[in-house]
Amino acid sequence: MKATGIVRRIDDLGRVVIPKEIRRNLRIRCGDPLEIFVDREGEIILKKYSPIGELATFAREYADAIYDALGKTVFITDRDTIIAVSGASKKDFLGKGIGSMVEKSMEQRKPMITNYRNSGTQHTGGSIVAEDNGEESYRFYSEMVMPIVSQGDPIGAVVICDKEGGTELGDLERKVAQSAAGVMAKQIEQ
C-alpha cells in the first residue's frame, strides 16, 4: 500500500472525505459505489466496485462468442477499464483505461459507430483505449460502442472493432452489440 500523507477526520455521521486529487486520479465520480474491505491489522481499504467486474469470466466467454460469430475484435468494459478482450492481444488491452468515445457513449447512454474506411485512413484507437501507444494492434478501421445500462445507470460497454477495413460496421454488428449489452445488464440485475 502507498501512503499519501493525507489525514482526514471522521465527522459525526461517520463520513470521511476522499480528497479531490485522489478521486480524480482514481476516476471516482459522485455516486460511484465503493467496496469496503477490512484486514486483520485493522486497515480499511476502499475499492471502486465494478458490477461488470464480478462477471469477468462470463464477459470473456461472451466476447469470445461474438468474435467467433463476427470475426471482429470485441472488448467489454466497465466504467473505467477493459475487462474482456477477444480477437486482440489481451496483454495490450486488458485492464487498460477506456477512451473518450466509450466514455461519451456511456454518458449519453447511446451507441456510437465510427467508420474510417471512407477516408482511406486508419484510426489509432485512442477513442477505445485511453493510452494509445501507436502499436499496430491499436489500429482500427471501424469502431462501435454499445453502452451497458442497468436500472438506468451506465455500467460498461460492448465495443466491436474492425481491423481489416474491408467492410463498415453496420446493422448486424449493432444488433449483436445491443443484444450483448442487454444480456450483460440482465446478468447484473439477477
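What does the accessible surface of the chain come to, and what percentage of this surface belongs to carbon and sulfur atoms? The surface is about 11200 Å², and carbon and sulfur atoms hold 50% of it, with areas taken from the Shrake-Rupley method with a 1.4 Å probe, where for residues only the protein chains shown count as cover. This is a predicted model, in which local features need pLDDT of at least 70 and side-chain atom pairs count only at pLDDT 80 or more, while totals for chains, interfaces and linings use all residues. Residues are numbered from 1 along each chain as its sequence is written, and side-chain values use heavy atoms, with hydrogens and water left out.

Colour next by secondary structure, which comes to five helices and seven strands (DSSP runs numbered from the N terminus, helices being H or I of at least four residues and strands E of at least two).

Now select Ile52, Ile66, Ile76, Ile148 and Met184, the residues with the most contacts inside the largest nonpolar core, which has 23 residues (buried Ala, Val, Leu, Ile, Met, Phe, Trp, Tyr and Cys joined through side-chain atoms within 4.5 Å; buried means under 20% relative accessible area, exposed over 50%, partly exposed in between, with a 1.4 Å probe and protein chains only). Among the elements giving two or more residues to this core are helix 2 (56–70) and helix 5 (171–189).

Centre on Ile66, which, leaving aside neighbours within four places in sequence, is in contact (heavy atoms within 4.5 Å) with Gly71, Val74, Ile160, Val176 and Ala180.

Finally, select Leu46 in strand 2, which counts as partly exposed because its relative accessibility is 46%.
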